[in-house]
Amino acid sequence: LRAKYLEQIGAAHAPDTLEAVRLAALGKKGEISLMMRELGKMPAEERQSAGPALNALKNEVDAALRARKSGLEDAALDARLRSEWLDVTLPGRPRPMGTIHPVSQVMEELTAIFADMGFAVAEGPQVESDWYNFDALNIAPEHPARQEHDTFFLHRAPGDDRPPHVLRTHTSPVQIRAMQAQGAPIRVIAPGRVYRMDMDQTHAPMFHQVEGLAIDRDISMAQLKWTLEEFCRAFFEVDQVELRFRASHFPFTEPSAEVDIRCSWKDGQLKIGEGDSWMEILGSGMVHPNVLRAGGIDPDAWQGFAFGMGIDRIAMLKYGIPDLRAFFESDLRWLRNYGFSA
Ligand code: PHE
């Protein structure tokens, strides 16, 4: 019996086989347990010799079972440790990580700056009806500005009677949408993509603008000037900026001004706020009464300023990026060089 159980215990390589051996020997109905129960029926003499022997057997089998059990547990732990082993001194495996595009970065920067000045963000569709893109902005059908904008028109099949649509040529249609959506007073910016048939070192067929619109009882050109100067100081992170307001013409503003920023090129380095070069960054003016009317706002009670700024342009200026077209080529080397880490 002893040999049988010790052998079975030695041969058990899994916890449940070992448990089966234990039940067979020492369980309630185990072989050894039953024998121990028989002791009581034996004559005293026999019991005296069989008792200690049986007890010794029971103890030996029990000890062997326990030893085997902890041996198996150690082995299992060993195996687990071996399979889950981790060498923390190995060099890390580099994972390819994207970067934040300069345009996205600049959009976030300018959104935060204008938010500090109380401007909320408004949005409009990139496929825009030509009423929003032109008519509502006081650009008549025969107005030359429609040609100047080199518009992408959307094709309509014969019989399609939806109003004509274009890829928006500027973010100004969002002015109208904001007026219609919220009425006066208004303080919004509208950053987004715009499209024109144009392509050279400083123009791409898709680029980005941010529209600004402030409407209230007595908004003035002076507030436009302050807002833009304040923005440029914060955005370009300089104490002093100099902006030049040049009289200009837009159908949707009166008076209108194009705005240049003073800058210099020294050893291929661009400096904002000093030097004798001027870089045009935006168009602006006082919102034309016809535009207010198109947006459902009474021009006798309200007035406002608006501006449209080239986002790619100011990104190039701030981060010294020479070629606009590279912005949209998705060249990984360019993105790694000019992109921002998250
Ligand atoms: N929409 C004009 C452009 O695309 C810019 C502008 C916006 C001018 C608002 C005046 C007021 O050039």
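Which residues of the largest nonpolar core touch the most other members? The legends below take up this point first.

**View 1. The largest nonpolar core of the predicted model.** Among the 42 residues of this core, Leu 110, Phe 114, Phe 231, Ile 261, Met 309 and Ile 314 touch the most other members, a nonpolar core being a set of buried (under 20% relative accessible area, 1.4 Å probe, protein chains only) Ala, Val, Leu, Ile, Met, Phe, Trp, Tyr and Cys residues joined through side-chain atoms within 4.5 Å. Helix H9 (residues 221–236) gives the most to this core, with 6 residues; helices (H or I, at least four residues) and strands (E, at least two) are DSSP runs, numbered from the N terminus.

**View 2. The surroundings of Phe 114.** Leaving out residues up to four places away in sequence, Phe 114 touches (heavy atoms within 4.5 Å) Phe 119, Ile 189, Thr 227, Phe 231, Phe 307 and Met 309.

**View 3. Glu 254 in strand S7.** An unreviewed UniProt entry lists Glu 254 under "binding site", an annotation that may be inferred rather than shown by experiment. Glu 254, in strand S7 (residues 253–266), counts as partly exposed because its relative accessibility is 48%, between the limits of 20% and 50%. Beyond its neighbours within four places in sequence, Glu 254 is in contact with Met 286 and His 288.

**Notes.** Residues are numbered from 1 along each chain as its sequence is written, and side-chain values use heavy atoms, with hydrogens and water left out. In this predicted model, local features need pLDDT of at least 70 and side-chain atom pairs count only at pLDDT 80 or more, whereas totals for chains, interfaces and linings use all residues.
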